[in-house]
Amino acid sequence: MLSTPRAAEVRASGTAAPLLEVQGLTVRFRTERKSLQALTDIGFSMAPGEILGIVGESGSGKTQILLTMMGLLAENGRAFGSVKLHGEEVLNLPSDKLDRIRGSRMTMIFQDPMTSLNPYMRVGKQLTEVLVKHRGVGGSEAVRQAAAMLEHVRIPEAQRRMGMYPHEFSGGMRQRAMIAMALLCKPALLLADEPTTALDVTVQAQILMLMRDLARESGTSVVLVTHDLGVVADLCDRVIVLYGGRIMEDGPIDDVFYNPKHPYTKGLLRSMPRLDEKTHGDLPTIPGQPPVLSLLSGGCPFEARCELRQDHCKSVFPPLVRSGPRRLSCHEVSL
Amino acid sequence: MNGQPLLSVQDLRVHFGAGKKLFGKAATIKAIDGVTFDLRPGETLGVVGESGCGKSTLGRAILRLIDPTAGRVLWLGEDMAGLRGEALRRERRNMQVIFQDPVASLDPRMTVGQAIERPLITFEAGLSGEERRRRVQEMMELVGLPRTWAGRYPHEFSGGQCQRVGIARAMILRPKLIVCDEPVSALDVSIQAQIINLLMRLQREFGLSLLFISHNLSVVRHISNRVMVLYLGKVMEIADRDDLYARQLHPYTQALMSAVPIPDPRLERQRDKLLLSGDLPSPINPPSGCRFRTRCPIATARCAAEEPAYTPFGKGHLVACHYAGTKPGDVSHS
Amino acid sequence: MTETAMAADRDVAVEKGVSQTREAMGRLVRNPAAMFGIVVMVLLFLACFLGPIVFGLDPEASDFDAVSLPPTFANGHWFGTDDLGRDLLTRTLTGGRVSLLLGVTATLVALGIGVIYGAIAGYAGGRIDSLMMRFVDVFYAVPFIFFVILLTFLFGRSLLSLLIAIGAVYWLTIAVIVRGETLSLKRKEFIEAAKAGGMSAPAIIFRHIVPNTVAPVIVYASMTVSDVILGESLLSFLGLGVQEPNTSWGVLIEDGAATMESQWWPLIFPAAFLAATLFALNYIADGLRDAFDPKSR
């Protein structure tokens, strides 16, 4: 069976309880005139030290998964189902209980570091705040740990930079600072929402390498949400492909990339121009547009654009079928 | 096809004042600082680079949406600097633009039909409303939009559809050149391929030249005939597409290529990424000599003292580096 | 399958799109307070403009047998009479004509001047913009009352000079608002696209800039109407506004205030009408602001 060396290592560590277990996660939003379902029946689990990629385009709901887990769902959103971290339910926890978990056991980094770092507070202070709040560490010890973490994320002249403001950092450095903040309390789980999308490609390469090294070294599990299949191929052990708020397929990275089963995954991989391609004719495309969530019926959200579609695809949602480490949701294809 | 290039850019410079200081010299941002290239009819030139390289400024300067500070832009042999006001406006029908944010590039208060029609009203005032309508519908079908949607508003369309509208609007006067400023970067991956195919088809059918500005090297590889790499307002390397992707001679190009992720897990695990050190220098105060030297793995004292000139390396392949092609272990992407 | 075929398939071939203005109007209609305001305004307009005609009432008809009567249902003088025996209901309604008409036309004049001025200043930028805005600053410094006095001195005391005076004051803020909107619109990509598309500056201003300032302008205009009515009332109260034989709510209020101690009815009714108008306009203005607010899209 195809798999990365690292994924094999992770499985071999054979921990009894998964670090993270998501079951039946459904998220609904209510707008002034309609109600739409951003996520339907999402379920997956993660082992410690694993890097999971969640891939999707507009309307896939990928960011909502992270926001829901962190309790950052918008006012008009409702989440149903279960999210268990170390066996403990964290979904819909009241904020005082949730505050003890997020920022320390489960942390998140965002796409735009400029808006997620407080522009009016020195970077050092933002880091020490985390330590004071979650670890009860204060004063010079907090400063020492914070500076050490900045060095750890390969920010040069870390000590000096503690006293600077976010706008004095470059994009890549801000992202590193955010990663530092997220890792200060040695979380078990790091959620990353398009962390390198806003960065230049050379900076992206550095950040991805940093994330991989840090995750490996500290055993932190990472959920990486992105639209970029190249980033997933670079960093992840497993990948979940999302469309219209549902899981289309998932599995170990090599399996899904070299033997994609779902027509959407296949279409996506075929239609992407690659850096190393040789032919330059028409790209095979997936016809149509990304889904409009409010217009989806109960069937497969990909149905309208699918080359294999049949009548029943529109009305009946294909159940997620498991075979070994892979899962697939499609009427017309089997694993 | 005669030998004369459609567009010839010579030592173009675009500098912006960055605020006046009470004492001392006013700071200037040298967004474009000496760019030279030719574009032939029917050719696509890919312009790549990261933030601060000036590629967007280049596009706008060529279209005269910004005025160049120095250098020449020759359009069909004529110096465009001489064109002003009315004469410049009239020349615009031959060079159009497509933007990165397809929805923002359309007036939210106009229907898409009106948006596509507008260049006809501007330049072909003699046409009847009926004739204009016919041409708009013809254009919509050409870009793959149902003609019945002409009465709709931009916010009712998806990003990809809005981009088609933008392309229809740019194409309606049959221009010779279209400057594409990151035309697919804001679109979903599954839609990017549709738009790329459309652009390539239109280019073939109408003999268009495209100045394709993008940070996405994979897309640029697919669509371009020639590729130019910019860094901090200067050209690092320019070559025919296949030559550049097979063998990069400039250390920046090498690093850029090696950094692009490829959706191929095994390949990714094997690849060596050439990582650049340091940060992008300030465009107000670029490094002396070669601008790239502060992050370059093979920079020497000579690089600080002397700015490298364009050196030819085989047909049409120009590199601005003292040590071009001499680094062992060129990363090949063939 | 091609895009075109798929669209036909999906039966979404609707000819008419829904513009953002239409959507905003839809939101307005669903706002009860705003609709109430609109209904009240419509009733006021109908009453003031058609009422006297339909019922054949004459504001100048003096009945010296019915001088200074309090409101009585029986004799038809529902609002009472003034000291010349004139029916106050009639005078309130006909006075309303002047107030409302002045409110609307002065606002339209102010809009006409302000929008164009602001759009040109904002789009031109640089020195022209500075110059134009300095001119506005100077105008702002001139006190309203002084300006009115000056105009009545030049043009005599007529509705026209009143209209000019009011219009001349209220266009200033509209110009400032529109200039601000223009400055931010100027940077948007569809304006760049228009420039690249060879449109001349006047064409861009009229076809792209001005239509996109509709939202803030409409909201401000609705607030301006009530300001103008109030402004006119103030002027008339000071004796600078509407003159005999015309009357307006301001004049009526002035008259009523003079006899306030002994007779309550000459003051109360025109004041109530004025207040009702201002409330209604306020609800409408709030409703318009909510309707155009992008957050609710």
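What percentage of the contacts in chain A with a separation of 6 or more is accounted for by residues 24 or more positions apart? The share is 64%, where a contact means two residues whose C-beta atoms, placed from the backbone, lie within 7 Å.

## Basis of the model

This is a predicted model, in which local features need pLDDT of at least 70 and side-chain atom pairs count only at pLDDT 80 or more, while totals for chains, interfaces and linings use all residues. Residues are numbered from 1 along each chain as its sequence is written, and chains are lettered from A and ligands numbered from 1 in the order in which they are written.

## Chain A

Chain A contains 13 helices and 12 strands; helices (H or I, at least four residues) and strands (E, at least two) are DSSP runs, numbered from the N terminus. Its C-alpha trace spans about 65 × 50 × 45 Å along the principal axes.

Of the 335 residues of chain A, 50% count as buried. A residue is buried if 20 or more other C-beta atoms lie within 10 Å of its own, exposed if 12 or fewer, and partly exposed in between, with C-beta atoms placed from the backbone. Helix 2 of chain A, residues 62–69, is mostly covered, with 7 of its 8 residues buried. Those buried residues are Lys62(A), Gln64(A), Ile65(A), Leu66(A), Leu67(A), Thr68(A) and Met69(A). After helix 2 of chain A comes Gly71(A), with a positive phi near 70°.

## Where chain A meets chain B

The contact takes 38 residues from chain A and 36 residues from chain B. On the side of chain A, the elements that give two or more residues are helix 9 (201–218), helix 10 (229–235), helix 11 (253–258) and helix 12 (263–271). Helix 9 of chain A gives the most, with 6 residues. By class, the side of chain A that touches chain B has 16 nonpolar, 13 polar and 9 charged residues. Here Ala, Val, Leu, Ile, Met, Phe, Trp, Tyr, Cys and Pro count as nonpolar, Asp, Glu, Lys and Arg as charged, and the others, Gly among them, as polar.

Helix 12 of chain A packs against helix 6 (residues 189–206) of chain B, with axes that come within 9 Å and cross at roughly 45°. Axes are lines fitted to C-alpha atoms, for helices over the stretch in contact, and angles run from 0 to 180 degrees between N-to-C directions. The two helices are therefore oblique to each other; angles under 35 degrees count as roughly parallel, over 145 as roughly antiparallel, 65 to 115 as roughly perpendicular and the rest as oblique. The crossing of helix 12 of chain A and helix 6 of chain B is left-handed, meaning that the near helix is turned anticlockwise from the far one by less than a right angle, whereas clockwise would be right-handed. Gly267(A), Leu268(A) and Ser271(A) meet Val189(B), Ser190(B) and Ala193(B).

## A residue in chain B

Ser258(B) sits in helix 9 (residues 251–259) of chain B. Ser258(B) counts as buried because it has 20 C-beta neighbours inside 10 Å. Thr148(B) is 110 residues away along the chain, and the C-alpha atoms of Ser258(B) and Thr148(B) are separated by 46 Å.

## Chain C

Chain C has 12 helices and 0 strands. A compact globule of 297 residues would have a radius of gyration near 19 Å, but the value for chain C is 24 Å. The C-alpha atoms of chain C fill a box of roughly 85 × 55 × 30 Å along the principal axes. Buried residues make up 39% of chain C. Among its contacts between residues at least 6 apart in sequence, 70% join residues at least 24 apart.

## Helix packing in chain C

Helix 3 (residues 32–54) and helix 4 (residues 88–124) of chain C pack at an angle of about 120°, with axes 8 Å apart. They are therefore oblique to each other, and the crossing is left-handed. Residues in the contact include Leu44(C), Phe45(C) and Cys48(C) from helix 3 and Leu93(C), Arg97(C) and Leu100(C) from helix 4. The contact divides into 8 nonpolar, 4 polar and 1 charged.

Helix 4 of chain C also packs against helix 10 (residues 214–237) of chain C, where the axes come within 8 Å and cross at roughly 130°. That makes this pair oblique, with a right-handed crossing. Among the residues in contact are Leu102(C), Ala106(C) and Leu111(C) of helix 4 and Val217(C), Val225(C) and Glu232(C) of helix 10. The residues of this contact divide into 11 nonpolar, 5 polar and 1 charged.

Terms used:
The radius of gyration is taken over C-alpha atoms; the globule rule is 2.2 Å times the number of residues to the power 0.38.
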